Amino acid sequence: MSAAPHSAVATRREGDVLVVSIDHPPVNALGVDVRRGLLAAIGQADADAAVRAVLIVGRGKAFIAGADIREFGKPPMPPPLHEVCNRIEASVKTVVAAIHGPALGGGLEIALAAHYRLALPAATLGLPEVNLGLLPGAGGTQRAPRLMGAKAAARLMLDGKPLSARAALAAGLVDRVAEGEDPVAAGLAYAGELLDSHAPARRISDIVIADRAAALAELDALQAETARKSRGLFSPLKIIECVRAAVELPFDQGLATERARFLECLDSPQRAGLVHAFFAERETAKIPEARAAQPRAVDRIAVIGGGTMGAGIAVAALDAGLPVTMIERDAESVARGRANVEKVYDGLIAKGRMTPEAKAAILARYAGSTSYEDAAGADLVIEAVFEDMAVKQAVFRELDRVCKQGAVLATNTSYLDIDAIAAVTSRPQDVIGLHFFSPANIMKLLEIVVPARTGADVVATAFALARRLKKIPVRAGVCDGFIGNRILAVYRQAADYMMEDGASPYEIDEAVRAFGYPMGPFQVADLAGGDIGWAARKRKAATRDPDARYVEIADRICERGWFGQKTGRGYYLYPEGARIGQPDPEVLAIVDAERARKGIAPRKFGADEIMRRYMAAMINEGANVVDEGIALRPLDVDVTFLAGYGFPRFRGGPMKYADMVGLDRILDDIRLFAKEDARFWKPSPLLERLVAQGRNFDNLNKAP
Ligand code: 3HC
Ligand code: NAI
């Protein structure tokens, strides 16, 4: 933030137009300097008889990205944004906003306070406050409905997705779309036209919504739909309340409603969680290697293995415009790999989201082969063959033999020791883990797993690739399961213990869903397929600690061939291919039999206790992962779970959640549970240290 007041907003005269230029990098967020600068600029225009119009533009790539999110939760600094908007609208001069880039949230609200709006083709216009647990709080809930209709405006705010310039024109949000990239030139031309034609000062607050009854009926329907879909989110229903006020009340009273509801949202823990998620997702890319080294150029990719993951990874790379060569074991597998890739695009064509021509153009960049020699020219190779150390090492020996010097050699392993994979090559500095999540072309998370000997430029290359593939990268160290799967294994175990001790899988799933997850752990197991976990358990049986508690219920279910959705039953029944399962009395009988075999008298678990145990296990292992340096910061754990494991975004991630609950309370729970099983419930040393020091996880989130 600049020290000199008003420097974030520059004014200059162009004839009888005062050009007000917002210059507050990187995205012209409406920090206190910008708000003050805008107020001063409007005052200057109104006081100057020679000025007939005001043109508001943004410098750099954005028009205005909204309120300054970093100011939320801090003491407010005057003037508030809604007053700035009201002052702009009240100007006696003709105010024009010329939008050439993102006009989001408060940014669009500034534009709505102007009397005329012009968009250039690259403009994006939206009210995405809902993504931060908020609602538009600077008149947006009152002005947008007056301009575009109550239902369309409410949808814009509830979806949180921006509109293109053309879509905004069609929706009535802007008055005109002009060609070009320079908002000053286009804006001055438009302002000149308006002045020449003596266009009246048009204030949106003067508009009265015409057919109130119809608008209210539409809002009723939207409210019912939103109550169903918003899954415990606080701000969506408040948005509808504000839009209703826009229909029913005079402008000033509507604004007062908006103000009150906005402040409630601002105070809510959901806002804190969602804002944390917003910044955390941007922080994970800030890693020491990205500062220390330049990424290598990546123009060609090879993928080894065309199964579930290889095909998804190939699609992700193709979608980013990269040429992809896929290497498989034999001609039949090459054909299957290609079919797996084509299936994704055929799905899009069937939904009308892609043309056959576009598919053909993409597949022109794709080739399958059985020969490793065809990976020789790749700048980056991603291995996604079976999860077996010997198979992977054999693949890496081949890659070491054929790949050009300087190629990055990556593995998509879920659990295996990547140092041991790197060790079979003559170039361990080039080896790295790129752990995609299924479906790899859709899931946002990419764990970038860094073995001991990997070069900084290889790490930087992986992060640059993630950006290109539109993934959210998280840096992880090597251990069994890295960040995500390692922590998952622990809280899954906590869930299994609760199941054996008395909670049914259905009660656990329900509690986890009520917490905000889309699915519970047993539903996820049924979706993923029980056979995969079963194979892993059998593999690890020999090395399992014989004294540790081991729940065999999953094995009993798998022994019956019940692997989940794909076999029609798992923890749930899926009659005739149903996607939503029904509770299965036979599974409950298996659970009972296992309890009886172990002499466990089942007890009741309430949803609250289920979640306390589930979260304590997750947080404790999250703390271990941070303490051991597997994750750089607590926020890296948060982003892993938000982007890869369905953790409810409004809670900010497990570590943010722990901070909000209070680390002392989490530690108390762990110590209490340790009285039953001290081996499993071992407090993380980091958690103990933080509690002793009166600190929290967020204190560790400073960039490393
Ligand atoms: N306030 C403060 N900082 C912001 C910001 C904002 N509104 N929007 C973006 N930034 C910061 C980012 O944190 C990032 O900082 P960093 O470089 O230190 O990590 C930097 O600007 C660049 O952001 P991105 O990496 O996201 O850049 P992109 O070019 O990929 O995207 C964008 C640009 C589309 C503008 C995207 O940043 C975005 O969607 N921003 C948030 C928009 C938003 O939610 N606005 C509503 C705010 S709430 C509001 O306005 C309330 C009002 O109604 C009262
Ligand atoms: P898959 O069984 O669907 O596919 C593996 C493919 O590798 C098969 O098509 C097989 O023909 C091919 N293959 C085997 N050996 C080969 C060789 N020597 N050369 C070329 N191709 C060979 O397995 P999936 O699920 O795609 O998993 C692949 C890797 O991705 C594993 O390491 C797995 O742990 C990891 N992974 C899996 C996830 C999942 O959800 N399925 C998620 C994240 C990682």
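Modeller: Before we start, two strands pair if DSSP finds at least two bridges between them. This is a predicted model, where local features need pLDDT of at least 70, side-chain atom pairs count only at pLDDT 80 or more, and totals for chains, interfaces and linings use all residues. Residues are numbered from 1 along each chain as its sequence is written, while chains are lettered from A and ligands numbered from 1 in the order in which they are written.

Biologist: OK, so what is the bridge partner of Leu104 in S7?

Modeller: That's Gly126. Strands here are DSSP E runs of at least two residues, helices are H or I runs of at least four, and both are numbered from the N terminus.

Biologist: How many bridges join S5 to S7?

Modeller: Three, and S5 and S7 (residues 124-126) run parallel.

Biologist: And in what order do the strands of that open sheet come?

Modeller: S5-S7-S8, with mixed pairing. S5 and S8 (163-164) are the edge strands, each pairing on one side only.

Biologist: Switching topic: how many residues surround ligand 1?

Modeller: 26, with Ala29, Gly66, Ala67, Gly105 and Gly106 the closest. A residue counts as near if its C-beta atom, placed from the backbone, lies within 6 Å of the molecule.

Biologist: Which elements each supply at least two residues of that shell?

Modeller: Strand S5 (102-104), helix H3 (106-113) and helix H11 (269-283).

Biologist: What's the shell like by class?

Modeller: 16 nonpolar, five polar and five charged. Ala, Val, Leu, Ile, Met, Phe, Trp, Tyr, Cys and Pro count as nonpolar, Asp, Glu, Lys and Arg as charged, and the others, Gly among them, as polar.
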